[in-house]
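Me: I would like to go through this structure by question and answer. Please show it.

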Amino acid sequence: MGQLVNGIWQDVWYDTKSSNGHFKRTAPQFRHWVTADGQPGPTGEGGFKAEAGRYHLYVSLACPWAHRTLLMRKLKGLEHIISVSVVHPLMLEHGWTFATDFEAATGDKIFGLDYLYQLYLKAIPDYTGRVTVPVLWDTQKNTIVSNESSEIIRMFNSAFDNLGATPADYYPEPLREEIDRLNDWIYPNVNNGVYKAGFATQQNAYREEVANVFNALDKLEDILSSRRYLTGSQLTEADLRLWTTLVRFDPVYVTHFKCDYQRISDYPNLYGFLRDIYQLPGIHETVNFPHIRNHYYRSHKTINPTGIISIGPKQDLNAPHHRDRRFGE
Ligand SMILES: N[C@@H](CCC(=O)N[C@@H](CS)C(=O)NCC(=O)O)C(=O)O
């Protein structure tokens, strides 16, 4: 765990002292957009035209943010258009590495690098900042297009549609406002909420953060009691973004991040929603529990110094959910 400072790797843990024990996530710095015609997107520069085989996605199978991008790549049928490298699940003194001594850790398929930070240095030799996954790499311009998953999934949703992507829209125009509103509170309270609870270093900070997590889960349970997905009958990016946290919740966040007031399996609707999406075609192939559980329990030495991986819950994600029948779809 660490970061780059003026192009030099420094092995330091998150600073929570300056924020009264609260964990603060820093903003990603690469914000260009791949677009169908290469015109600039909402941020960054233009020149990143959608082309088959041009872009490469670097992910961790453990990371919920990287998982969003893998889900969208799968649902949009982009596997033959965008290739992927998978980092090793352990993130220790060198940050994410390309070691291959773990099943499904592929190494760096483009450059054969040892560490992910070396990729950031290829983009900006004196880069200062965190070295995070996912990363969308442009093999033509030899740079990082984006390291912000919420934007990468929007690109995947539409930019490659003329190149044979599966025709489906997970950010449909009529639902955009509602999706944005959902994302706006689900991200701080749930996706990042569990990290803020888990990385808190003062009791008050933890109490505040963990309460936010469960208040938000109660609200979500209520929404999902009357509709199959968050905005109704259609699966959208808001569902996918929530889901990558839910699938990690009982196996990791309950014990490792001390989010133990309730499990997802204690919420009938959230648990049904979790199983519903898990059972959609192709989705379970993006889930790798050995990466997920090894990453968290063995990488975060400040909160789990022994590196012992808990036994984990008894959970059958293939059990019937009946949400399709219940909501008439
Ligand atoms: N805003 C980023 C956040 C990604 C992120 O924080 N990824 C974590 C892994 S789950 C990471 O790489 N952390 C390394 C670090 O913070 O040094 C996104 O959504 O793409």
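**Domains and annotated residues**

Me: How many Å separate the centres of domain 1 and domain 2?
Reply: The model is predicted: local features need pLDDT of at least 70, side-chain atom pairs count only at pLDDT 80 or more, and totals for chains, interfaces and linings use all residues. Residues are numbered from 1 along each chain as its sequence is written. The domain bounds, from an automatic or database domain assignment, are 3-163 for domain 1 and 173-281 + 316-326 for domain 2. Taken over C-alpha atoms, the centres are separated by 24 Å.

Me: Which helix gives the most to the side of domain 1 that touches domain 2?
Reply: Contact means that C-beta atoms, placed from the backbone, lie within 7 Å; 14 residues of domain 1 are in contact with 15 residues of domain 2. Helices (DSSP runs of H or I, at least four residues) and strands (E, at least two) are numbered from the N terminus. Helix H1 (64-75) and helix H3 (149-158) each supply at least two residues of that side. With five residues, the one that gives the most is H1.

Me: Is Cys63 buried or exposed?
Reply: UniProt, in an unreviewed entry, lists Cys63 and Tyr195 for "active site"; such annotations may be inferred rather than shown by experiment. A residue is buried if 20 or more other C-beta atoms, placed from the backbone, lie within 10 Å of its own, exposed if 12 or fewer, and partly exposed in between. Cys63 has 25 within 10 Å, so Cys63 is buried.

Me: Which residues is Tyr195 in contact with, leaving aside its neighbours within four places in sequence?
Reply: Tyr195 is in helix H5 (residues 193-199). Tyr195 has 18 C-beta neighbours inside 10 Å, so it counts as partly exposed. Its contacts, with those neighbours in sequence left aside, are Phe23 and Phe257.

Conventions: Two residues are in contact if their C-beta atoms, placed from the backbone, lie within 7 Å.
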